[in-house]
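Please read the following note beside the sequence and the 3D view. It is arranged as numbered points for a reader new to protein structures.

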Amino acid sequence: MARMLLLIVAVGLAASCNGNHEFDFNVGVLKKLLRTEADLFDRLLYEILQQQEHLKTISNEEVFSKELEDAAYKANEYSLSAKTTISMLTSLETLWLKIDDYMKDTKKIIGLHNVTSSETGCEPEYDYDDYESGIFENSALKLCNGMISQSPDIEKHLKCRFVDYGNPFLKIAPFKQEDVYLDPFIVIYHNVLSDAEIEMLQEEAYPALDSSRVISYKQGIHSSKMRVSENAWLFDDIDPKIKSVNERAGHMTNLNIGTSEPLQIAYYKPGGYFNEHHDFFEDEDYQILNSSSGNRIGTLMFYLNNVQEGGRTIFTDLNVSLTPKKGNAVFWYNISPNGYLDYFTMHAGCRVVSGVKWVANKWFNEHGQEFRRPCLLENDYDENRNGL
């Protein structure tokens with residue numbers, strides 16, 4: 001308890017430079033991290049119990065007696081450790097009210113209510129708005145932990161298939177496509193990048209990585225705590241293999257790459273994430289780009305590695321949770337067939353708990369897709385939406 005209060009004091013003193021909002025944000029993140037850790041220990045304890053049950057199935061005790069003894073000892077040791085940690089984390093829950101009271105008292109003591117960045121001479125690293133203050137609420141956290149499954153009424157309509165779009169080249173090597181959701185259209189393409197191509201993309205991007213930014217009408221292009229990662233843009237003239245990957249993206253989605261954006265490589269360190277967002281731009285945000293290629297009609301995201309823990313891609317309005325798998329790619333349309341922005345494509349990149357996460361994003365713009373994906377007067381899937 002003493003260590004926890006010291007940690008809160010440290011957070012409070014650090015927050016004095018960035019203001020009241022920063023202080024609240026850090027305490028909130030601390031609480032969520034501890035709860036996430038408790039969930040992980042729950043899963044660890046479950047795995048231990050499973051292993052103990054597995055040990056009971058070994059019948060030849062004479063041959064495996066030593067192995068049984070060692071394994072049982074280790075399982076019991078891990079179990080006690082996990083239980084102790086869970087007990088500690090559970091006891092911390094009783095401290096939250098005290099922490100909140102302490103936070104309020106600390107604000108009064110150091111005058112945080114009256115502190116602004118201009119008064120302290122500190123420039124905040126990030127700009128805040130109401131949307132950024134809540135990172136991954138309860139339902140999204142459950143999706144990130146794989147605790148929410150898709151409805152059977154939706155799953156029964158999902159299929160896997162080989163696709164070639166009538167392209168003679170793809171007749172020889174069609175893509176393996178797996179349905180994730182039908183409306184909005186979300187699919188996974190399996191084994192579309194080789195290890196050599198992935199290594200090339202990472203090597204080309206790594207020296208050029210820079211802090212990721214977001215776009216808003218009020219603040220323009222700016223750093224934000226809703227997106228904690230690094231990225232780099234790769235153009236076709238850097239390496240012939242990059243052009244090959246882009247051409248494959250066009251074949252895969254059957255969209256025109258002539259008006260697509262360059263390949264963006266995103267790199268997430270431990271703790272990195274991308275809060276809930278849409279890939280399309282609202283009308284006022286779109287004005288900032290001054291693009292002649294139209295809005296982002298579709299998103300193709302390649303997974304460049306297997307993430308040790310965390311890093312899932314979730315669609316919060318659809319209860320969809322995808323685990324990154326090296327060499328696979330996920331594709332979805334951001335705009336409905338009738339041309340309307342599809343707000344059901346709200347998605348997020350979950351926090352990387354262990355290891356790192358590499359992805360490559362390819363965004364296709366509207367112009368040039370008139371014959372690839374003709375605009376309809378109404379959405380083909382309207383009568384089925386959310387009620388398959």
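The points below treat the basis of the model, its cores, its aromatic pairs, its surface and its backbone.

1. Basis. The model is predicted: local features need pLDDT of at least 70, side-chain atom pairs count only at pLDDT 80 or more, and totals for chains, interfaces and linings use all residues. Residues are numbered from 1 along each chain as its sequence is written, and side-chain values use heavy atoms, with hydrogens and water left out.

2. Main core. A nonpolar core is a set of buried Ala, Val, Leu, Ile, Met, Phe, Trp, Tyr and Cys residues joined through side-chain atoms within 4.5 Å; buried means under 20% relative accessible area, exposed over 50%, and partly exposed in between (1.4 Å probe, protein chains only). The largest such core has 33 residues, and Tyr189, Leu201, Ile265, Leu300, Phe302 and Leu304 have the most contacts inside it. Among the elements that give two or more residues to this core are strand 3 (186–190), helix 9, helix 10 and strand 15 (329–333). Helices (H or I, at least four residues) and strands (E, at least two) are DSSP runs, numbered from the N terminus. Apart from this core lies another, of 21 residues, including Val214, Phe274, Val320 and Val352.

3. In helix 9 (residues 195–205), the buried residues include Ile198, Met200, Leu201 and Ala205. The buried residues of this helix pack against strand 8 (230–234), helix 10 (240–253), strand 9 (263–268), strand 11 (296–303) and strand 18 (357–365). Contact means heavy atoms within 4.5 Å. Leaving aside neighbours within four places in sequence, Leu300 is in contact with residues including Tyr189, Met252, Phe331 and Phe364.

4. Aromatic pairs. Rings of Phe, Tyr and Trp (its six-membered ring) pair if their centres lie within 6.5 Å; planes under 30 degrees apart count as stacked, over 60 as edge-to-face and the rest as tilted. The whole structure holds 10 aromatic pairs. One of them joins Phe185 and Phe331 edge-to-face, at 6.4 Å centre to centre and 70 degrees between the planes. Phe185 lies in the loop between strand 2 (175–181) and strand 3, and Phe331 in strand 15, so the pair ties together parts 146 residues apart in sequence. Phe185 is partly exposed at 23% relative accessibility, whereas Phe331 is buried at 1%. Phe315 and Trp332 are also edge-to-face, because their centres are 5.0 Å apart and their planes at 85 degrees. Ring pairs link Phe185, Phe331 and Tyr333 into a cluster.

5. Surface. Which residues make the nonpolar surface patch of about 290 Å²? Trp233, Phe235 and Ile238 make this patch. Ile238 lies in the loop between strand 8 and helix 10 and is partly exposed at 39% relative accessibility.

6. Backbone. Most residues other than glycine have a negative phi, and most peptide bonds are trans. A cis peptide bond joins Asp183 and Pro184, with omega about 5 degrees; Pro184 is in the loop between strand 2 and strand 3. Tyr165 has a positive phi near 55 degrees, and Asn254 one of about 60 degrees. Asn254 is in the loop between helix 10 and strand 9.

Methods
Patch = residues over 30% accessible without salt bridge, like charges linked within 9 Å, V, L, I, M, F, W, Y side chains within 5 Å. Areas by Shrake-Rupley, 256 points an atom, 1.4 Å probe, with all protein chains shown as cover. Salt bridge = Lys/Arg side-chain N within 4 Å of Asp/Glu carboxyl O.
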